[in-house]
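Dear colleague,

Please find below the structure that I am handing over to you. My notes on what was found in it follow directly after.

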Amino acid sequence: MADQEIRDDPTPAAPPAATPAATPAEPVTTPAAPPAAAAAPPASTRPKRVSYRGRTAGAKVSSNQKEGKVEEFEPFMLLPRGPPPLKEFLDIWDVDVLKQPQQINKQGHHTHLYSSDSLIVRRAQEFQIKITFDRPYKPAEDKFAVEFVIGPSPQYSKGTYIPVFPTEERQSVWRGRVVESSDNVVTMGITTSAECIVGKYMIYIGVVTPYGIRRTRRDPSTDVYILFNPWSPADPVFLDDEEEREECVMNELGIIYHGAYDDVSERAWNYGQFEFGVLDACLFIMDKADMPLSNRGDVVKVTRIASAMLNSRDDDGVLVGNWSGDYTYGVPPTSWTGSVEILLDYAGSRGTPVCYAQCWVFAAVFNTFLRCLGIPGRIVTNFFSAHDNDGNLKMDIILDENGKLDRNRTKDSIWNYHCWNECFMARSDLPPGFGGWQVVDATPQETSDGLFRCGPASVAAIKHGQICYPFDAPFVFAEVNSDVIFYRRQKDGTLEVAKVNPSHVGRMVLTKAVLHDGRRDITDQYKFPEGSPEERRVLEKAEEFGCQRERASVPQGDVEVEIPNLDVRVGDNFDVILKFKNQSDQRRTADVYVTGTVVYYTGVPSAEVVFKTPKVKLDPQQSKEEKVLVRGEDYMHKLVEQANIHIIATGKIKETGQIITAMKVILMHNPKLIVKVTGSPRVSEEMYVSVEFTNPFKFNLENVDLRMEGPGIMPFKRKQYSLIAPGTSITWTETFSPRRAGSTKLIASLDCAALRQVYGETELTVKQ
């Protein structure tokens, strides 16, 4: 007779057994039948899948969707006639995982906002389930376990099979206890470990009999999602600030900053991390990455994999990057209003990359991924972000010997802004003090360990120049600390340093303020004040780890030039004002070259729209202004999507040979959408929203795409107009019924080839 326990050493053919020492055998499966011949490609063109035989003992366990077979009865011995009647032993009538939003589990675990019919809980925190037996539970006689299974080949040693026992005498890596026992119903409290795999688990109840283990049948309604837990001090993502948790985990709405550091624009974004299907889509991304299940409890590995999978460059990830301006085969990056449509499209197509994205779209969808899985995340924008082509801390701008910009030889680009993500975690792989906020970036810029990804890189390590620590800290350090070097090219081809601007790059780093729509300047978290002793020490430290800087010292000139900020609407004529100041006691003559170039927000030039060569004469100690007219008719037909014109003024002082320089990004301001809501703002009551727009230009807007959505109140909707004539107004009206109470926004965008980045929004407070 077999031992009346859940056995420690099942036979190789046995299914999962409920004991910590047990390792359920991997089921022997036969390949699935191929699809119909009509749907299959010819055998000659089909890629052959190479077997794992001879290389590993079994297939790689990297799918949360595939399920292993768990037998309803696991015999302890050979039973030729099958199991005898087991009426005297416990039988399970019902399992209630208390999964309703208003019940204890979702409320206590801050998962009540998820639009899911399944139980969703967080690690390292107790949740409860109710088990109804056919008779009262007798702790001294009855033995049962709640079994959690994830993936196709559950093993206790891999963390993919976890039995949980109701008694203190017998516990596994997850703890269980009987909270209440009343008649036939046992309420059991279960606390997962702080390192457990994040994903979707199947639940079985196993009862021990003398002949074997009797289990409940597979029931998808009892499946449970287990997420990271920023509320638990035991979890590496613990964030000890309730307001920060509310903002960086629970807030579905975000603000993304763009434009220029002295003319900041902003747009709202619907992260939608609680919308139906988004959680499954996030888990699918890890499946698509072929990420082993056993690694999915490690937040460092999860975020590093995600930073590669959010772009499609080398692994068929979520988004296709496109900066060309040609979006014929997809959605222009400026048209998106939220992450939900992108993630559902990707998961619904079983991993076909979604077109198209630029840095803020990569960051916004990544932020949805982080918050959905319970990792505190936020988007940051670095204004004047260096993308260096030669791996040093120098952004090289080449001038000819007269001080004129040489576009052909200037290859480094300074992005007007660049968006990336920060996520909060402990870094047990780094020395103390380097946990906290970490940079992760899904925009494909440079490869890291062979893939287009970046991070997690410790923000504290970047600030203190400790760029030797993983991952990719040197790249992020250069993005915020590079110097702009103006070189004068001599006739013999040699380069001479003409001017160094150490403060242009990384001018300002912004993120959304906590729990309100204001800005939060976090530049001081990335770098010490410009010119301070601490900054010099940090740069010296970075040099020790291989970062190269320009050490040439350039004498201070006595003539300065600057370009003040301008507020310009798209299509307007405007004057670029050059302010000169002669600080010497002698006359000065400046031969100036003013170049105005339409640029992409990445700093890459598109077309020159103005070139002037004024000669400015300055008396001693004189300040003087010079105006350069830029006409709307010269730039309108050349503008690219974000309507930026980069003005560079360079020149040479005739008397001293001094090179003078000034740079300014002029951001064109687009018209706005007007979004209005009418009706009673109550749950399930019908309301109306209208979007209004008037074409202010003298040309037609063709193939206009309008989009609108609002988290918790209105799913994504879209409308197209073939033509909006000059001076013509349109009004688009839709109905919606809010699904839940609370404060939210309706966000709308308008997009066409001739006009990008037109947005509108309205706030709404829904009552119960």
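**Cysteines**

The sulfur of Cys359 has its closest cysteine sulfur in Cys419, at 4.3 Å, which is too far for a bond. A disulfide requires two cysteine sulfur atoms within 2.5 Å, and by this rule the structure has zero disulfides. Please bear in mind that this is a predicted model. Cys359 counts as buried because its relative accessibility is 0%. Cys423 likewise takes part in no disulfide: the nearest cysteine sulfur belongs to Cys248 and is 11 Å away. Cys423 is buried, with a relative accessible area of 0%.

In soluble globular proteins, nonpolar side chains tend to be buried together. The largest nonpolar core in this model has 68 residues, and those that touch the most other members are Leu319, Trp360, Val361, Phe369 and Leu373. Helix H6 (residues 359-373) supplies the largest share of this core, with 12 residues.

Apart from its neighbours within four places in sequence, Leu373 is in contact with Val198, Leu227, Phe228, Leu279, Cys282, Leu283, Met286 and Val302.

**Aromatic rings**

A pair of aromatic rings is described by the distance of the centres and the angle of the planes. The search of the whole structure gave 22 aromatic pairs. In one of them, Trp415 and Tyr601, the ring centres are 5.5 Å apart and the planes stand at 85°, so this pair is edge-to-face. The two residues come from distant parts of the chain, 186 residues apart: Trp415 is in strand S18 (residues 413-425), while Tyr601 is in the loop between strand S30 (588-599) and strand S31 (605-612). Both Trp415 and Tyr601 are buried.

Phe697 and Phe699, by contrast, form a stacked pair, with 5.1 Å from centre to centre and 10° between the planes. Are these two residues buried or partly exposed? Phe697 counts as buried, at 10% relative accessibility, whereas Phe699 is partly exposed, with a relative accessible area of 29%.

Ring pairs also join Trp323, Trp360, Phe362, Trp415, Tyr417 and Tyr601 into a cluster.

**Arginines over rings**

Two arginines deserve a look in the viewer. Arg378 lies over the face of Trp437, at 3.9 Å from the ring centre. Arg507 lies over the face of Tyr261, at 4.5 Å from the ring centre.

Helix H2 comprises residues 242-250, and its buried residues include Glu244, Arg245, Glu247, Cys248, Val249 and Met250. The N-terminal end of H2 is capped by Asp241, which has a side-chain oxygen 3.0 Å from the backbone nitrogen of Glu243.

Helix H4 (residues 299-309) is mostly covered, since nine of its 11 residues are buried. Which residues of H4 are buried? They are Val299, Val300, Val302, Thr303, Arg304, Ala306, Ser307, Ala308 and Met309. At the start of H4, a side-chain oxygen of Asp298 comes to within 3.0 Å of the backbone nitrogen of Val300.

With kind regards

Technical notes:
Residues are numbered from 1 along each chain as its sequence is written. This is a predicted model: local features need pLDDT of at least 70, side-chain atom pairs count only at pLDDT 80 or more; totals for chains, interfaces and linings use all residues. Side-chain values use heavy atoms; hydrogens and water are left out. A nonpolar core is a set of buried Ala, Val, Leu, Ile, Met, Phe, Trp, Tyr and Cys residues joined through side-chain atoms within 4.5 Å. Buried means under 20% relative accessible area, exposed over 50%, partly exposed in between (1.4 Å probe, protein chains only). Helices (H or I, at least four residues) and strands (E, at least two) are DSSP runs, numbered from the N terminus. Contact means heavy atoms within 4.5 Å. Rings of Phe, Tyr and Trp (its six-membered ring) pair if their centres lie within 6.5 Å; planes under 30 degrees apart count as stacked, over 60 as edge-to-face and the rest as tilted. A charge sits over a ring if NZ of Lys or CZ of Arg is within 6 Å of the ring centre and within 35 degrees of the ring normal. A polar contact is a pair of N or O atoms within 3.5 Å; within protein, one must be able to donate a hydrogen and the other to accept it, and residues adjacent in sequence count only if both atoms are side-chain atoms.
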